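Here are a few exercises to work through with the model open beside you. Try each task before you read its solution.

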Number of protein chains: 2
Amino acid sequence: MSKFVEDYEVFDLGEFELQSGAVIHGGKLAYKTFGELDADKSNAVVYPTWYSGFHWDNEWLIGDGMALDPAKYFIVIPNMLGNGLSSSPSNTPPPFDRARFPRVTFYDQVEAQHKLITEQWGIETLPLVTGWSMGAGQTYQWAVSYPDMVQRACPFCGSSKTSEHNFVFLEGVKAALTADAAFKQGWYDAPPVRGLRAAARVYAGWGFSQAFFWDQVYKRMGHSRRLGLDLAFPSLEDYLVWFWEGHFLDPRRDANDLLSMLWTWQYGDIGQTPGFDGDTVKALQSIKARLIALPAEKDLYFPPEDEQWASQHIPNGEVRVIPGVWGHFAGSGDSPVDLEYIDDVLKELLAS
Amino acid sequence: MSKFVEDYEVFDLGEFELQSGAVIHGGKLAYKTFGELDADKSNAVVYPTWYSGFHWDNEWLIGDGMALDPAKYFIVIPNMLGNGLSSSPSNTPPPFDRARFPRVTFYDQVEAQHKLITEQWGIETLPLVTGWSMGAGQTYQWAVSYPDMVQRACPFCGSSKTSEHNFVFLEGVKAALTADAAFKQGWYDAPPVRGLRAAARVYAGWGFSQAFFWDQVYKRMGHSRRLGLDLAFPSLEDYLVWFWEGHFLDPRRDANDLLSMLWTWQYGDIGQTPGFDGDTVKALQSIKARLIALPAEKDLYFPPEDEQWASQHIPNGEVRVIPGVWGHFAGSGDSPVDLEYIDDVLKELLAS
């Protein structure tokens, strides 16, 4: 019996060769769609998932009257390879399971998604690609891998190349998780609970801004459309355990899966797309989409500066900073105000 | 044989009762002095240590022609209780050793230092108290505990009350360290190396700013007056291992000591001084010293906002922001430019 509600479909990637030369044998891409593809196949939106997220964690940005309106668009949410639904350490049979699951790049993620989009539906144009965090990384990758296909792109709270500081932040998360001997270099039978909790506590300092804590916003976060819950925590400790440790300990998440995605994130760089020879600037210059990047004002690991740097090299690029104290989680779907900001930009972008 | 060079002296604190009611039996306060106390005992400067630091880590701010000139001032560097030189988990005999060492507040730290200053030398006035990070916390505490004694105060890269975000950052460091089963709840015989390395990696993301990494300043940090070395690392990984893991693995540091100081830091709040009943604002209002707080522009855990908030309540308080990308480590003594900024402010303050 699966630990997942089976509200999604699975595309067969077959023998899926990765950028490294490693192969995911019998690769699977789990996805969910909203709305209908129109007759000329011109209304598809790709909206990839984020670190530790599943397709349902993206649904908050989809709805009647919203930019991503299923009455207008055919919205595809592909689950990242490594997230536990698509091919991942936790669901791949031996010998490529767990610590032996191959490393997947953003380029590989988009190749898998492109296969789905073109082979399953014969789609050749995308009015929009958008996503949060690692979803933003995949958005950039789409715009570089398929410049003639992507008309518009809206990466929010992410970057085209993972900065060194961001890499170091992730080193901390990884070190905390793997400090637990129960992790057994990935060959655990029971989850390394202590390490997962430690990773969650490390993450907790980074996800939101200093000002979020100063204002004690966790005491009255408001309605999370992502979780379908009103979030309000009586104390800091309750917030740390429920929101953070609970997230990492959710049995649908897995330590090796989390480390697989973490690797993808750490080595994110559109300059590593074949043909660009590591030249990130050249890759940015090749983007043809109209691209609006939405960093959050106080994001601690994807600071606005990264996006401002990238934008100057994108011919039709623009940056708008999401204001407020939510930091990276401005784009999580937990923040009522930031949801509106992002939705408004997507509406404007789609109307252009 | 001691693992420390014995270039310091030790003051006997006797039966030293802490704010909690716990007692450090036969308490020791290790300190080092520079310069001579003048005849009227009016030239003493107290300059406490920081998290994981020892007295020699403070010496970079002392020198001929500098603000803290031993030709003019009698400079006392007291080692924090818990740092491994003063009474600490690692050097206290059973039964109060290791995981049983009592918890020490900033108030307790200053009580111990006040005992030294008054009983050893009969000093009743202090032209200046200054310190970095937790040293800044002790500086604030001095100004609140002994308002009539402290004439001037210059806390740099610290705060009067540890913010909740700062607390959460430290939760991450602590969780990483204690995720290592070798820590054995503090009853290890051999150091929990994996946990110490993990804690170091977590810390590495916080110590310097995002921009420090963006600019790859670690490749050419320049001369560290603190370490007496030119710091330049060929790669990010080399920097992480040498500067961070090396710091935490230094045999003079100890996991329980690090956790003891971490607790002091997490619960820092001058409002907890007896008589103020948890009212931090009232405690700030009671400060009589001329106080210039020096937060660093891009400090990730003591952001300038915290000091700006505090300053509005200090009758003779002022904030000046240390510019640049070094983040918290602007005040470490590793940064040649920031050293000059701090020294200049101290000169101005001492001249007033």
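**Exercise 1: Strand pairing in chain A**

Strand 2 of chain A pairs with strand 4 (residues 74-78) of chain A in the antiparallel sense, over 4 bridges. This is a predicted model, so keep that in mind throughout.

Task: find which residue of strand 4 of chain A stands opposite A:T33.

Solution. Go along strand 4 of chain A until you reach A:V76, which stands opposite A:T33. Next, turn to the other pairing of strand 2 (residues 23-34) of chain A: with strand 1 (residues 9-17) of chain A, the sense is antiparallel and there are 7 bridges. One bridge to check there joins A:V10 to A:A30. Finally, look at the connection: strands 1 and 2 of chain A form a hairpin with 5 residues between them. In its turn, A:G21 has a positive phi of about 100°.

**Exercise 2: The sheet of chain B**

Task: work out which strands stand at the edges of the open sheet in chain B.

Solution. Begin with the strand order, 1-2-4-3-5-6-9-10, in an open sheet of 8 strands with mixed pairing. Strand 1 (9-17) and strand 10 (317-319) of chain B each have a single partner strand, so one side of each lacks a neighbour in the sheet, and these two are the edges. From one strand to the next, the twist averages 20°.

Then see what packs on this sheet. Helix 1 (residues 106-121) of chain B touches strands 1, 2, 3 (44-46) and 4 of chain B, and its direction makes about 120° with that of strand 1. Helix 10 (residues 336-351) of chain B touches strand 5 (128-132), strand 6 (152-156) and strand 9 (290-293) of chain B, its direction making about 165° with that of strand 6.

**Exercise 3: Where the chains meet**

Task: describe the interface of chain A and chain B, and say which helix of chain A gives the most residues to it.

Solution. Start with the contacts: 37 residues of chain A are in contact with 37 residues of chain B. The area buried between the chains is about 3,000 Å², with carbon and sulfur atoms giving 68% of it.

Now move to specific pairs. There are 2 salt bridges between the chains. One of them joins A:R201 and B:E171, whose closest N and O atoms are 2.4 Å apart. The rule also finds 12 residue pairs in polar contact across the interface.

Last, assign the residues of chain A that touch chain B. Helices 3 (164-178), 4 (193-207), 5 (210-214), 6 (236-249) and 9 (304-311) of chain A each supply at least two. Helix 3 of chain A gives the most, with 9 residues. By class, this side of chain A divides into 19 nonpolar, 9 polar and 9 charged residues.

Technical notes:
Residues are numbered from 1 along each chain as its sequence is written. Chains are lettered from A and ligands numbered from 1 in the order in which they are written. This is a predicted model: local features need pLDDT of at least 70, side-chain atom pairs count only at pLDDT 80 or more; totals for chains, interfaces and linings use all residues. Side-chain values use heavy atoms; hydrogens and water are left out. Contact means heavy atoms within 4.5 Å. Buried area is the accessible area (1.4 Å probe) that two parts lose on being put together, summed over both. A salt bridge is a side-chain nitrogen of Lys or Arg within 4 Å of a carboxyl oxygen of Asp or Glu. A polar contact is a pair of N or O atoms within 3.5 Å; within protein, one must be able to donate a hydrogen and the other to accept it, and residues adjacent in sequence count only if both atoms are side-chain atoms. Ala, Val, Leu, Ile, Met, Phe, Trp, Tyr, Cys and Pro count as nonpolar, Asp, Glu, Lys and Arg as charged, and the others, Gly among them, as polar. Two strands pair if DSSP finds at least two bridges between them. Axes are lines fitted to C-alpha atoms, for helices over the stretch in contact, and angles run from 0 to 180 degrees between N-to-C directions.
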